[in-house]
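Please examine the chain below with attention to how its parts are packed together.

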Amino acid sequence: MAQNVTYGSYLDLDRILSAQHPTSDAHDEMLFIIVHQASELWLKLCIHELVAARACIIEDRLRPAFKMLARVARAQVQLIQSWDVLSTMTPHDYSTIRPHLGGSSGFQSAQYRMMEFLLGGRKPQMVTMHDATPQVADELRGELARKSIYAETVALLARRGFAITDAVLDRPLGEPWDHSPEVEAAWAQIYRDPREHWDLYELAEKLVDLEYHFQRWRFGHLKTVERIIGFKTGTGGTPGVPYLAGVLKQAFFPELLSVRTAL
């Protein structure tokens, strides 16, 4: 047993609590830094759980995956609620901080991009913005060379006997997932008879939870940006609110949404 371990040493609090370095005298800069740092920690947990859940899906061990995916959904709630805290910042408050941000932007979050890639929202061109940090860029490209958690789920459906062709299963790994009628038909079969396919039915609903919470997170981001800076261009050079509104239309698991209309 580690006799000399303390709460602070185990959690490495000295480093965590000394990692806030405001560059201005603005009172709200501490808020701005801590909200984003905390969000990165929650994203780290989400990635940790999603990678493990994908491994379980590959092995057809769904019960452990359910717990992991449920935990990600709970962590996403924390991410969503962070916008409530950040939205206490007024346009004037933010204007005192923005000149000190330079070109930095949440758009550059490698962990956010990794989570998107894991779920299947794949945009290979986004990796180039991380080329200045080769290890990060390599990790993102490595993820693009693997099947997403949804692609592995579809592969599991095929192994369970659902009619999914090789053309769907062998899609290029680095591309976004496009809607497939045969994948929708497989989900429709599962949703029409959940007692026969209960574990796959539960897996589907766990994935829908992730999509639902991710979209809530995106919407919270949009409304917070709109509230604080209106329709100004973002610090990373994105169009700001119009860009975030466009992202809201992008779905990770399109067949799990369209199947609801088909039923």
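Against which helices do the buried residues of α6 pack? In this predicted model, they pack against α3 (29–58), α4 (62–86), α7 (134–144), α8 (149–159) and α11 (198–229). Helix α6 itself spans residues 110–119, and because eight of its ten residues are buried, it is largely enclosed by the rest of the structure. The buried residues are Tyr 112, Arg 113, Met 114, Met 115, Glu 116, Phe 117, Leu 118 and Leu 119. One of them, Arg 113, lies over the face of Phe 107, at 5.3 Å from the ring centre. Just after α6, Gly 120 takes a positive phi of about 120°.

The loop between α6 and α7 contains Arg 122. Buried here means under 20% relative accessible area, so Arg 122, at 2% relative accessibility, counts as buried. Its side chain reaches the backbone oxygen of Arg 146 at 2.5 Å. Beyond its neighbours within four places in sequence, Arg 122 is in contact with a set of residues including Arg 54, Phe 117, Glu 143, Leu 144, Leu 173 and Pro 176.

Most residues other than glycine have a negative phi. Asp 12, although not a glycine, has a positive phi of about 55°, and its place is in the loop between α1 (7–10) and α2 (13–17). Asp 60, likewise not a glycine, has a positive phi of about 60° and lies in the loop between α3 and α4. Asp 12 counts as partly exposed at 29% relative accessibility, and Asp 60 counts as partly exposed at 34%.

The aromatic side chains complete the picture. The count of aromatic pairs comes to eleven. In one of these, Tyr 150 and Phe 253 form a tilted pair, with 5.0 Å centre to centre and 40° between the planes. This pair links distant parts of the chain, since Tyr 150 is in helix α8 and Phe 253 is in the loop between α12 (241–247) and α13 (254–262), 103 residues apart. Both Tyr 150 and Phe 253 are buried. They also belong to one aromatic cluster, formed by Trp 83, Tyr 112, Tyr 150, Trp 177, Phe 214, Trp 217, Phe 252 and Phe 253. Tyr 112 of this cluster is among the buried residues of α6. Over the ring of another cluster member, Trp 177, sits the charged end of Arg 171, 4.3 Å from the ring centre.

Notes
Residues are numbered from 1 along each chain as its sequence is written. This is a predicted model: local features need pLDDT of at least 70, side-chain atom pairs count only at pLDDT 80 or more; totals for chains, interfaces and linings use all residues. Side-chain values use heavy atoms; hydrogens and water are left out. Buried means under 20% relative accessible area, exposed over 50%, partly exposed in between (1.4 Å probe, protein chains only). Helices (H or I, at least four residues) and strands (E, at least two) are DSSP runs, numbered from the N terminus. Contact means heavy atoms within 4.5 Å. A polar contact is a pair of N or O atoms within 3.5 Å; within protein, one must be able to donate a hydrogen and the other to accept it, and residues adjacent in sequence count only if both atoms are side-chain atoms. Rings of Phe, Tyr and Trp (its six-membered ring) pair if their centres lie within 6.5 Å; planes under 30 degrees apart count as stacked, over 60 as edge-to-face and the rest as tilted. A charge sits over a ring if NZ of Lys or CZ of Arg is within 6 Å of the ring centre and within 35 degrees of the ring normal.
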